[in-house]
Amino acid sequence: MVSVLMTAYNRENYIAEAIESVLAQTFTNFELIIVDDGSKDKSHEIAVAYSKRDSRVRVYRNENNLTDYRNRNRAAELARGQYLKYLDSDDLIYPHGLEMMVDSMEKFPEAGLGLCQPDSQQGPYPIQVSPHEAYREHFLLETGLLSSYGPSFAIIRTAAFRAAGGFSGKRFVGDSELWLELATRFPVVK
C-alpha cells in the first residue's frame with residue numbers, strides 16, 4: 001500500500017537507523033525503496049545488507065549522481081504503492097507514523113497530499129482542506145502550510161504525484177513547489 005522512498009548519498013553513519021525505523025512500523029503493508037546516488041562511503045552496502053534480510057527492502061544505485069530531487073523522482077518511478085512516503089536517509093519515523101498517515105489519507109480518498117503538523121493546537125485532526133482553503137491558509141493566515149514541511153512530513157497519493165509531474169528539481173524550493181502544485185489540483189489533509 002505504501003512505498004517508503006529513501007534516497008541516500010554518503011549517509012553511512014545514519015542510514016541503518018533510518019532503515020530500522022521503517023522496519024519497526026506498526027503498519028506493515030509497505031515496500032522500502034532505497035536509491036543510492038553514488039555514495040563514496042558504505043551507504044549502499046549497508047542498504048544491501050538490509051535487503052538481504054527483509055524482502056520489503058529494494059535497493060538501487062544510480063550510475064551517475066542525480067542530485068536530491070531528481071533522485072527523489074527516480075525513487076518514485078520505482079514505487080508500486082498507492083502512497084509515497086519519503087524518509088530521508090538521516091531521518092527517523094515514529095513506529096506508528098505510517099499507520100497514522102495512511103489512516104488519515106484513507107479517510108479522504110480525494111486528497112492528493114497529507115502533511116503532518118507537529119505541535120498544532122487546532123483540532124480535531126485529521127481534516128481535509130480544499131485547494132482554495134490550503135492556499136488561503138498558506139498565504140493569508142501565514143501558517144506556511146505548504147512550505148513549512150519537507151518530504152519527511154508528507155505522504156503523497158502516487159497518482160497525484162504522477163499527475164503533477166513530480167519534483168521540478170529546483171534546489172531549496174522543490175518540496176514547497178510540489179506541495180503548492182498538488183494543492184492546486186487536490187485537497188490537502190492536515
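Trainee: This is a predicted model, and in it the axes of helix α1 (residues 15-23) and helix α2 (residues 43-53) come within 10 Å and cross at roughly 25°. What makes α1 and α2 roughly parallel or roughly antiparallel to each other?
Mentor: Angles under 35 degrees count as roughly parallel, and the axes cross at roughly 25°, so α1 and α2 are called roughly parallel to each other. The contact is made by I15, A16, I19, E20 and L23 on the side of α1, and by S43, I46, A47 and Y50 on the side of α2. As for handedness, α1 passes α2 in a right-handed crossing.

Trainee: What is the span of helix α7 (residues 174-185), and what is expected for it?
Mentor: The 12 residues of α7 reach 17 Å from the first C-alpha to the last, which is close to the 16 Å expected at 1.5 Å a residue.

Trainee: How do you know whether N73 is buried or exposed?
Mentor: The relative accessible area of N73 is 17%, and the cut-off for buried is under 20%, so N73 is buried. N73 lies in helix α3 (residues 68-77), and, apart from neighbours within four places in sequence, N73 is in contact with Y86, F161, G166 and F167. Y86 belongs to strand β4 (residues 83-86), where L84 and Y86 point one way and Y83 and K85 the other way, and all are buried.

Trainee: What makes β4 a partner of its neighbours in the sheet, and in which sense does β4 pair with β1?
Mentor: Two strands pair if there are at least two bridges between them; β1 and β4 have four bridges and pair in the parallel sense, with Y83 of β4 as the bridge partner of V2. With strand β7 (residues 154-157), β4 pairs over two bridges in the antiparallel sense, and there the bridge partner of Y83 is R157. Strand β1 (residues 2-8) is also joined to strand β2 (residues 30-36) by seven bridges, and these two run parallel; the bridge partner of L5 in β2 is I33.

Trainee: Which strands are called edge strands?
Mentor: The open sheet has eight strands in the order β3-β2-β1-β4-β7-β5-β8-β6, with mixed pairing. The edge strands are β3 (57-61) and β6 (128-129), as each pairs on one side only.

Trainee: Why is N10 neither buried nor exposed?
Mentor: Buried is under 20% and exposed is over 50%, and N10 has 28% relative accessibility, so N10 counts as partly exposed. N10 lies in the loop between β1 and α1, and has a positive phi of about 55° although N10 is not a glycine.

Trainee: And what makes T67 partly exposed?
Mentor: The relative accessible area of T67 is 42%, a value between the cut-offs of 20% and 50%, and therefore T67 is partly exposed. T67 is placed in the loop between β3 and α3, and phi of T67 is near 75°, a positive value in a residue other than glycine.

Technical notes
Residues are numbered from 1 along each chain as its sequence is written. This is a predicted model: local features need pLDDT of at least 70, side-chain atom pairs count only at pLDDT 80 or more; totals for chains, interfaces and linings use all residues. Side-chain values use heavy atoms; hydrogens and water are left out. The expected span of a helix is 1.5 Å times one less than its number of residues. Buried means under 20% relative accessible area, exposed over 50%, partly exposed in between (1.4 Å probe, protein chains only). Contact means heavy atoms within 4.5 Å. Axes are lines fitted to C-alpha atoms, for helices over the stretch in contact, and angles run from 0 to 180 degrees between N-to-C directions. Angles under 35 degrees count as roughly parallel, over 145 as roughly antiparallel, 65 to 115 as roughly perpendicular and the rest as oblique. A crossing is left-handed if the near helix is turned anticlockwise from the far one by less than a right angle, and right-handed if clockwise.
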